[in-house]
Amino acid sequence: MSKHDSAVVIKNLANYEQSLDEKGNFKDASYFLNQIAYVYWEHNHSEEAIKYYHKSLELNRQIENENGIAMLNNNLGMLYSDIEDFSQSRDYFMKTLAARRSKNEKLGMISALINLSVVLNNLKEYDQSVTFLLEALNLAREKNDVDQMKSCYGMLSETYEKAGNAKQSIYYFDLYKTFTQMAQDDKMDKIMEDYSEERLLKQKLEEENRRGQEELAAKQSRIREIEEKRRSLDVKLSQYDSVNAALYENLTQKELQIEVIQKEFTIKELESERAIQEQNLENEKQRRIRDIVILCLMTMIITTIFIARGYRKARKVAGYLKESRRQITDLNENLQVKVDERTKTLRLANEKLKEYIFSNSHVIRRPVANIIGILNLIETRKGNFQESDLELFALLKTSIDELDEVIKASNESLTLNESVTNQIETSEQ
């Protein structure tokens, strides 16, 4: 760590002890411990960071600070994962998930579930990892969180690949690619909106069809009533025919004539009523046929529109997918070019670094070594110089020694950088 970071640690330690001794303020004391742990974590001193986070966790338990406990459990889970103690990491992430579930904090639950899946993959517990990821995916869908949904698809693809299930891995990877591209172009919302419009149109069509069926049933009922009335009239006419036969046998000729006139008048009235009823029945049948034809035409037109919209939508989605595949192909083609360019740049930088290391180790340090040798000769002849001269020689020697240390440290740093650069170059090759 740098001198500044060491000073930050010392200052926070003093504040921590003061908070406990003078105020007994566990909350402030926990804050200072967290600051110390963060400094160590930031400089990859994981063991020290874990030690101070544990102290802070104990203080938060004493004051029953549930949010602080959940946060510290999450940090400890990440730190234990950094040092590859995955069993400990899983335990702390499970505690974090339990705390988030108790308060129904869905975003916190999603984060904890994804962290758990990463740890479980390292423990090769792939089935449990998939279970947690699917739960996180459902929560992300409820929140309509596009980024978290995309992360879940990617993690599911990676998990199934590690588990040896290539089919499911490819399935979720395709979802990840498609979802990423469509979300990036802000087209997902448009598709969902169009889908909602089509669903509303379908519901409207179903409602109109239901109403048409009800109207058709009502008209059929009306037609049945008219037919029943017609049959009733036929029965009455039959009865009148029977009465006429009896009159022919019992009445006199004159009475028969009068009765015949009356019956003829009655028959005409009945026939007229029957003709009206038949006309009404015919008109009702015509209206029924007309309504059925209109309903069928409307159904065909709406169905045609629905099919046409679906076809256009399918073509649009196919266009989006085709464009996505083209862009992914372009990215893959350009990736190798960028890698080659970066490798070339690293090689040039490595050559320059080697030249500078040689210059720093030999050309620059040689005159410094000569001056040190001269000063060593001067020290053997101290008796020939005045006291003020000796003081100047001492200051000069101190400065030369500091310069020598700086050059050595620089050589060590440059050598380390050269090693790191070689490793990067080798990995990219």
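Colleague: Which residues in α7 meet α8?
Modeller: Y126, S129, V130, L133, L134, A136, L137, A140 and R141 of α7 meet Q148, M149, C152, Y153, M155, L156, T159, Y160, K162 and A163 of α8. Contact means heavy atoms within 4.5 Å. Helices are DSSP runs of H or I with at least four residues, numbered from the N terminus.

Colleague: And by class?
Modeller: The contact of α7 with α8 has 14 nonpolar, three polar and two charged residues. Ala, Val, Leu, Ile, Met, Phe, Trp, Tyr, Cys and Pro count as nonpolar, Asp, Glu, Lys and Arg as charged, and the others, Gly among them, as polar.

Colleague: Is this an experimental structure or a predicted one?
Modeller: This is a predicted model, where local features need pLDDT of at least 70 and side-chain atom pairs count only at pLDDT 80 or more, while totals for chains, interfaces and linings use all residues. Residues are numbered from 1 along each chain as its sequence is written, and side-chain values use heavy atoms, with hydrogens and water left out.

Colleague: What angle do α7 and α8 pack at?
Modeller: About 165°, with the axes of α7 (residues 126-143) and α8 (residues 146-163) 9 Å apart. That makes α7 roughly antiparallel to α8, a term for angles over 145 degrees. Axes are lines fitted to C-alpha atoms over the stretch in contact, and angles run from 0 to 180 degrees between N-to-C directions.

Colleague: What about the loop between them? Where is N144?
Modeller: N144 is in the loop between α7 and α8. Its phi is near 55°, a positive value in a residue other than glycine. Most residues other than glycine have a negative phi.

Colleague: Is N144 buried or exposed?
Modeller: N144 is exposed, with a relative accessible area of 58%. Exposed means over 50% and buried under 20%, with partly exposed in between (1.4 Å probe, protein chains only).

Colleague: Which loop holds E84?
Modeller: E84 is in the loop between α4 (66-82) and α5 (86-102). E84 is not a glycine either, yet has a positive phi of about 65°. Its relative accessible area is 61%, which is exposed.

Colleague: Switching to α2 and α3, how far apart are their axes?
Modeller: 8 Å, with α2 (residues 26-42) and α3 (residues 46-62) packed at an angle of about 160°. The two are therefore roughly antiparallel to each other.

Colleague: And overall, how many helices and strands are there?
Modeller: The protein has 12 helices and zero strands; a strand would be a DSSP run of E with at least two residues. Of the 429 residues, 27% are buried.

Conventions: Angles under 35 degrees count as roughly parallel, over 145 as roughly antiparallel, 65 to 115 as roughly perpendicular and the rest as oblique.
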